Amino acid sequence: MSLPSGGLGITSTMDDMNLIHQAQRHHIVVSDLGEEIDLELGHGDDDPTFAHNPLLGVQPQDSSTEELSENKQMMDSQLPNEEQNLSRTQPVKRKKKVVKRWREEWADTYKWAYVDVKDGTARIFCSVCREYGRKHRRNPYGNEGSRNMQMSALEEHNNSLLHKEALRLQQASKEKIIVDKPIYVKALMSKTAGSIVEAALKRDPHEAEFIQSVQEVVHALERVISKNSNYVNTMERLLEPERMIIFRVPWMDDRGETHINRGYRVHFNQTLGPCRGGLRFHPVMNLSIAKFLSFEQTLKNALSPYRLGGSSGGSDFDPKGRSDNEIMRFCQSFMNELYRYLGPDKDLPSEEMGVGTREMGYLYGQYRRLAGHSQGSFTGPRVNWSGSSLRTEATGYGLVFFAQLILADMNKELKGLRCIVSGSGKIAMHVLEKLIAYGALPITVSDSKGYLVDEDGFDFMKISFLRDIKAQHRSLRDYSKTYARSKYYDDAKPWSERCDVAFPCASQNEIYQSDAINLVNSGCRILVEGSNMPCTPEAVDVLRRANVLVAPSMAAGVGGVVAGELELKECNLNWSPEDFESKLQEAMKQTYQKALKAATDFGYQKESPEALVHGAVISSFITIASSMTDQDSKGYLVDYGFEFNNIYFRCITQHRSLEVCILP
């Protein structure tokens, strides 16, 4: 609809007053350009006056809501009674009733536009493209106000080539946007350790997650580095991944539209053996997160009973809200590029955030077709073609086993302890299961919108109900409709609930400094990391000062690595749950003892809250560094080279080998 004009004898002051009345009634934003506006009052393409008249009779840059109100009162007081009566009787063009009916339903369509001044004229700009034009200026309700016109006008905008290109560029440049968030740099005791972090910062200044992980590791290795200066060079070489693969993933949705996402796979270090690591599908996935995850996985695999390298990867694809066919097409396109870097002796992926049994099945099926064989298997999919049916439970169960080992050294047990768990995925649910089996009282789970607390504690029946809710993509809020003693808190985290042990199992950096303070005040004494790097550096400092014992994810999360290798190496499909748990418990015990021994060897007290964190890192690093030294991973020493008959000979005396290169 167009704004009413003043062509019926009304004065310009009266015209301004009508405009102000409509602006206030329909909440048009006049003061700040770039805000959302009610496009129902804007001129459309069919209004020939659009190019000559501004949307409002006031200057957008200088007006505000308060000024509009003051001007309205001033004009009301100045206008004679006749003009005021005239304003009441003046027929104003109203919106059609059909538009009113659809107003709330189509409120979201306002989000795609904003008002700005171009060449002295107010224009309606696309909020994505930052451009205006015929297909970006249409009223989303259509000129007739009918539902069909609403739909067609909105589709016309969304399907315009300019708008599509803007969306594509916006998606492709997500990771290039540098957020003004300073990287927290810890104060290290030695200049040598500080130089390692400084070099990493200089090389990758914008990779916040990776730098944070590097700082935590270097901090744990300060005593090791101070005793052996040769480890400085080893650490610097370890911090550079062996291979980083970034590739395009084109795929088609159910409407036939093509989308482009970005895929990642980082082979961080293969000194100990072939790589193993997860795949994560999440909108915020980027190279920094892929490097941090693969670095953590490298250390975790080195701490396990098996000789494995570390890798990780994924994509910024969001599987939420996508159909099975869309996810299948994406996974197949993803594997079309990645398959050449995979294999039992190269790298095998496993489940991570956003990647479950369904996704792993699609990925493995495409890998098998492209590779032409089915040697080995991806870790995670169904038992009928991959291995142990208890693979998905291993990580969650292992966390609880690790907590039980810690408590056993304190002459305590899990029975009767209040436990809070974040997340509601596979790991969190299996943590709940095993906590209940040990007699503990788990009371919370969470999702991206809030957390659920049940003061009576969860039981196996309630866990089954939670799984049904998640399978149906419903909110955890629905749980509280069935169980009266439970409550769901929007936009909140569970760390303020009274507890003895905490299990963060959601994502990295989910515990901020304020959350750590809440944990300490809530009585938490042990924190078992289910997710990689769940605490920010500031939160780690709070927990350390409060003497909260932290079980790092690289030690407590080894269960998934153990189960995956048992699948591949022993291939025993007839294990009972008892046999599997027995093997898993033994592996967790070895990992726990290995971390404690490394900590005590370098002067950390067994009772220290930092013992497990530092011990796990020290043990992993020394294992990798020793293998790098044995294999002389620092590279060849070239003595000399010479050319003869267009053939270049390079003599490498350290390995007593000769490389020959035919020159062009």
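Predicted model: local features only at pLDDT ≥ 70, side-chain atom pairs only at ≥ 80, totals over all residues.
Residues are numbered from 1 along each chain as its sequence is written, and side-chain values use heavy atoms, without hydrogens or water. Local features need pLDDT of at least 70 and side-chain atom pairs pLDDT 80 or more, while totals for chains, interfaces and linings use all residues.

Start with the core, meaning buried Ala, Val, Leu, Ile, Met, Phe, Trp, Tyr and Cys residues joined through side-chain atoms within 4.5 Å. Buried is under 20% relative accessible area (1.4 Å probe, protein chains only). The largest such core has 100 residues, and M235, F295 and F503 touch the most other members. Leaving out residues up to four places away in sequence, F295 touches F210, S213, V214, V217, M235, L238, L239 and F268 (contact: heavy atoms within 4.5 Å).

Next, α22 (residues 577–601) packs on α23 (residues 611–630) at about 95°, axes 7 Å apart. That makes the two helices roughly perpendicular, a label for angles of 65 to 115 degrees. The axes are lines fitted to C-alpha atoms over the stretch in contact, with angles running from 0 to 180 degrees between N-to-C directions. On the α22 side, Y592, K594, A595, L596, A598 and A599 make the contact, against A611, L612, G615, A616, I618 and S619 of α23.

Finally, N261 sits in strand β4 (residues 258–269). N261 counts as buried because its relative accessibility is 8%. Its side chain makes these polar contacts (N or O atoms within 3.5 Å, one able to donate a hydrogen and the other to accept it):

| Side chain | Partner side chain | Distance |
|---|---|---|
| N261 | W251 | 2.7 Å |
| N261 | D316 | 3.0 Å |

Terms used:
Buried < 20%, exposed > 50% of the residue type's maximum accessible area, 1.4 Å probe, protein only. Helix = DSSP H or I, 4+ residues; strand = E, 2+ residues; numbered from the N terminus. Parallel < 35°, antiparallel > 145°, perpendicular 65-115°, else oblique.
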